[in-house]
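Here is a friendly walk through one protein model, from its sheets to its cores and a few backbone details. Have a look at the fold first, and then read on.

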Amino acid sequence: MAAKIWGIAIVGAGYMAEEHARALASLPNTKIVGVCGRTRARAEVLASIHGTKAFDSIDAMYRETRADAVVVAVNELSMPDVSASCFSHPWVCLFEKPVGVDLQVAEQILDQGRRVGARAFVALNRRSYSSTRQALRELANDDGPRLISVLDQEDQEAARASGQPEEVVRNWMYANSIHLIDYFSFMARGDVVSVTHAAPWTPESPRFVAATIQFSSGDIGIYQAAWNAPGPWSVTVTNGHLRAEMRPLERLAIQRRGERRLTDIVPDIVDSEFKPGLRYQAEQLIGFLEGRNANLATLEEAHRSMALCARIYGLFPQS
């Protein structure tokens, strides 16, 4: 009996759509069966790379392909309409982050997905970096409290100059800081108890943001962001036995208790052959289709990270 070939549809034809399609197509039991993009010419180019065809609508693509899953890589402002179309079909959805330009839109999409019982995940690919997975394995050997420190750097002026719509630029913490804030959601244990601001968000003149997050497990998160100023992206997690440092995020170094130096951990080579995290995400998506649990962020988990982002930036009244 021939092995099942999983059909994957792609919505979007930009850079991230290309990278997802390349990662998925590298799996032996997976085939890209259609591409639907806002710009027909770009959709046709991506479709031709994978020997398939371009479609003018998501509905037409599903009717003809009966794809098992759809990967959505469109801009934030298009996400409400695109997600609604995707939720009308029984395939598994994998959405690029963020699922909505702000928390209110993300909540609407989450509610819509719940109403129809959608099977949906969010491609927060830092979770899937080999460095992240290696760090989680190291940290799992100590149940004691963790100190999670996140350094973020954002530049609204650069985002605006690159052509991002003004609404996206205004909500840039959801579009980009979410990559860093999401680390609190899976590195820390328990629920968020409180968020204390040492340097609150000042949208009229963005510069520094600093906040402390207390979790019910006893874990503590420290978030620092430099806006329109230089700085790295980095994450460090410390427990009683070791300090895991990811700077850059793609590489892990470990300092154990009693040691003075960090030891570099060799990352999985797959993160250099594909955009980091995407090949692992592709494997998880196909594994889910085959009946296994997927190590992917669900819509609910992605929403929790957006809600934490809102609390850190004071974008809605704290409860």
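Two strands count as paired here if DSSP finds at least two bridges between them. Keep in mind that the model is a predicted one.

**The seven-stranded sheet**

With that rule, 7 strands form an open sheet in the order β3-β2-β1-β4-β5-β6-β15, and the pairing is mixed. β3 (54-55) and β15 (297-298) are at the edges with a single partner strand each, so one side of each has no neighbour in the sheet. The link from β3 to strand β2 (residues 30-36) consists of 2 bridges, and these two strands run parallel.

In an unreviewed entry, UniProt places the feature "domain: Gfo/Idh/MocA-like oxidoreductase N-terminal" at residues 8-122. In the model, residues 8-122 are 45% helix and 22% strand, and the end C-alpha atoms of the span lie 16 Å apart.

**The eight-stranded sheet**

Another open sheet has 8 strands, ordered β8-β9-β10-β7-β11-β12-β13-β14, again with mixed pairing. At its edges are β8 (192-199) and β14 (263-265), each of which pairs on one side only. Ignoring direction, neighbouring strands of this sheet are turned by 20° against each other on average. Inside it, strand β7 (residues 147-154) and strand β10 (residues 220-227) run parallel and are joined by 8 bridges. D152 has A225 as its bridge partner in β10.

Two helices belong in this picture. Helix α9 (residues 172-187) packs on the sheet and touches β7, β9 (208-215), β10, β11 (234-238) and β12 (242-246), with its direction at about 170° to that of β7. Helix α12 (residues 299-312) lies across β8, β9 and β10 and runs at about 40° to β8.

How do the two helices meet? α9 and α12 pack at an angle of about 105°, their axes 9 Å apart. Angles of 65 to 115 degrees count as roughly perpendicular, so α9 is roughly perpendicular to α12. On the α9 side the contact involves M173, Y174, I178, I181, D182, F184 and S185, while α12 brings S305, M306, L308, C309, A310 and I312.

A253 gives a view from strand β13 (residues 252-256) of this sheet. Is A253 buried or exposed? Buried means under 20% relative accessible area, so A253, at 7%, counts as buried. Beyond residues up to four places away in sequence, A253 touches R243, A244, E245, L262, T263, D264 and I265. E154 is 99 residues from A253 along the chain, and their C-alpha atoms are separated by 24 Å.

In soluble globular proteins, nonpolar side chains tend to be buried together. Here the largest nonpolar core has 75 residues, and W91, F95, Y183, M187, Y223, I312 and Y313 have the most contacts inside it. The helix α9 gives the most to this core, with 11 residues. Leaving aside neighbours within four places in sequence, Y313 is in contact with D152, M173, S177, I181, W201, V209, Y223, A225 and W227. A second, separate core has 30 residues, including V35, A47, A73 and L278.

**Backbone details**

Most residues other than glycine have a negative phi, and most peptide bonds are trans. The table lists some places to check against that background.

| Site | Backbone value | Location |
|---|---|---|
| K97 to P98 | cis, omega near -15° | P98: loop between β5 and α5 (103-116) |
| R247 to P248 | cis, omega about 0° | P248: loop between β12 and β13 |
| R66 | positive phi of about 50° | loop between α3 (58-65) and β4 |

How values were computed
Residues are numbered from 1 along each chain as its sequence is written. This is a predicted model: local features need pLDDT of at least 70, side-chain atom pairs count only at pLDDT 80 or more; totals for chains, interfaces and linings use all residues. Side-chain values use heavy atoms; hydrogens and water are left out. UniProt positions are given in the numbering used here, feature names are shortened, and annotations may be inferred rather than shown by experiment. Helices (H or I, at least four residues) and strands (E, at least two) are DSSP runs, numbered from the N terminus. Buried means under 20% relative accessible area, exposed over 50%, partly exposed in between (1.4 Å probe, protein chains only). Contact means heavy atoms within 4.5 Å. Axes are lines fitted to C-alpha atoms, for helices over the stretch in contact, and angles run from 0 to 180 degrees between N-to-C directions. A nonpolar core is a set of buried Ala, Val, Leu, Ile, Met, Phe, Trp, Tyr and Cys residues joined through side-chain atoms within 4.5 Å. Angles under 35 degrees count as roughly parallel, over 145 as roughly antiparallel, 65 to 115 as roughly perpendicular and the rest as oblique.
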